[in-house]
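Dear colleague,

Please keep it open while you read.

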2 protein chains.
Amino acid sequence: MRKSNVFTEEAVELFVNGKKMITFMCTPENLDEMALGYLYSRGIIECVDEFMGAAPCSSGKRIFAIVSKKLKDEVYSIKNIVMSGCGSGELPKELDFYKRDIRSGYRVEMGNIKETFGEMLESARLHQTTGGTHSAAIKDNEGRVIVREDIGRHNAVDKVIGAALLEGMNLERSTVVITGRVSSDMVVKAAGAGVPVVASMRITSNMAIEIANKYKVNLIGRIGSNEPLIYNEVEGTYIER
Amino acid sequence: MRKSNVFTEEAVELFVNGKKMITFMCTPENLDEMALGYLYSRGIIECVDEFMGAAPCSSGKRIFAIVSKKLKDEVYSIKNIVMSGCGSGELPKELDFYKRDIRSGYRVEMGNIKETFGEMLESARLHQTTGGTHSAAIKDNEGRVIVREDIGRHNAVDKVIGAALLEGMNLERSTVVITGRVSSDMVVKAAGAGVPVVASMRITSNMAIEIANKYKVNLIGRIGSNEPLIYNEVEGTYIER
């Protein structure tokens, strides 16, 4: 495939119930999924039924999402942060995280996660052509896999979460695999969406491990290598080697 | 060198003249330089003389910077953004950028930039041990080179800018080289600091090119390859092949 020399970056404003919430610097595709994933992992909506839908305006620079409940003013404003990762604008210590309850008992085999990683790389079209994007995949315990890409790690994760919800996947019984490193903000996002396992091609930060222990997210690093790292094992989730 | 399996991530709050400005999710070293680079590239201070100094508190989780002028309230608040890049929290279209005037006439040879790239990789200690960090280098027209690392691309650039200012480098006659891709926010930062050339190991976004043309920043991609990409050539700066 011919390498592209430029990647597409667009400022897309998310309006929720008619009011501006946030601007994503993103790869402008799968925007409805991104909106849903964002709203869900931040806990702004509690279940997918509260998401009435989202549609981009004709220019593609705004996305209008409608949710079935009245939102408080404070969800429209988040703190000023310079994130280490491709940023969500959210900071662990300054925000009350949204943490979804994860019922225990999820079992997943390492081989299965490695397979998901392979499937992700295989279908990462933008990455193959630009080398400048991140990919995220989600696989549920029925073996369904969804892969999404974006120039931002966060956006890619929002997209797979949104897509998985629209597909009716059970996030409590799923694993998210990402290309980028796992900084604290990625764990916050997984915990917010109720995803019990996050595996990365890269490594993880000390702060990510700390938060993962607290919020019962399992972290795996170097998933593409022969010896993936299991950073922590939290009660109720079983990573089978 | 032994590979590390975890990278260090810390939430460091920047207080300027006693008031909280922003939180960096960063690699907690060279914090004074990061503070200075941040304040300068955002135009919060106009020259290095206005920076009286910065010191971390004993826990290392706060850095207190003092500047010689009274700051307006609005510089303590920026908009809510999900950045594509390792985020600055700033969005091109929603903020008035700070743009430093760059006097024309800077000449730099491609070979020189490639050399800087090599020097950067060679001294990127964290990258060599974790594989999970970004590096930035700055080289001035006297051949001085400074290399800094951070888990965030932005922080790495803030650090080299701050370090270069403390060294007395002339940023108008300098080139910044980075490992990460160039999204719009990186160009905004270079323009704000008055750096005329940004070269990356990776590629550049459409939006970055648009902003670079407007603010007269030269963008170079794939600097590590045999055929680096010159994305644009702006009046007054000469990239000699």
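How many aromatic pairs does a search of the whole structure find over all chains? The model is a predicted one, and the search gives four such pairs. In one of them, the ring centres of Phe15(B) and Phe64(B) are 5.4 Å apart and the planes stand at 45 degrees, so this pair is described as tilted. It links distant parts of the chain, since Phe15(B) belongs to strand β2 and Phe64(B) to strand β5 of chain B, 49 residues apart. Phe15(B) is buried at 12% relative accessibility, whereas Phe64(B), at 35%, is partly exposed.

Phe24(B) lies in strand β3 and Tyr38(B) in helix α1 of chain B, so the pair ties together parts 14 residues apart in sequence. Phe24(B) is buried, with a relative accessible area of 0%, and Tyr38(B) is buried as well, at 1%.

Turning to chain A, you will find an open sheet of six strands with mixed pairing, in the order β9-β8-β10-β11-β13-β14. Strands β9 and β14 of chain A stand at the edges with a single partner strand each, so one side of each has no neighbour in the sheet. Strands β13 and β14 of chain A pair in the antiparallel sense over two bridges, and Ile220(A) has Ile230(A) as its bridge partner. Helix α4 of chain A packs on this sheet, where it touches β8, β9 and β10 of chain A.

Terms used. Residues are numbered from 1 along each chain as its sequence is written. Chains are lettered from A and ligands numbered from 1 in the order in which they are written. This is a predicted model: local features need pLDDT of at least 70, side-chain atom pairs count only at pLDDT 80 or more; totals for chains, interfaces and linings use all residues. Side-chain values use heavy atoms; hydrogens and water are left out. Two strands pair if DSSP finds at least two bridges between them. Helices (H or I, at least four residues) and strands (E, at least two) are DSSP runs, numbered from the N terminus. Contact means heavy atoms within 4.5 Å. Axes are lines fitted to C-alpha atoms, for helices over the stretch in contact, and angles run from 0 to 180 degrees between N-to-C directions. Rings of Phe, Tyr and Trp (its six-membered ring) pair if their centres lie within 6.5 Å; planes under 30 degrees apart count as stacked, over 60 as edge-to-face and the rest as tilted. Buried means under 20% relative accessible area, exposed over 50%, partly exposed in between (1.4 Å probe, protein chains only).
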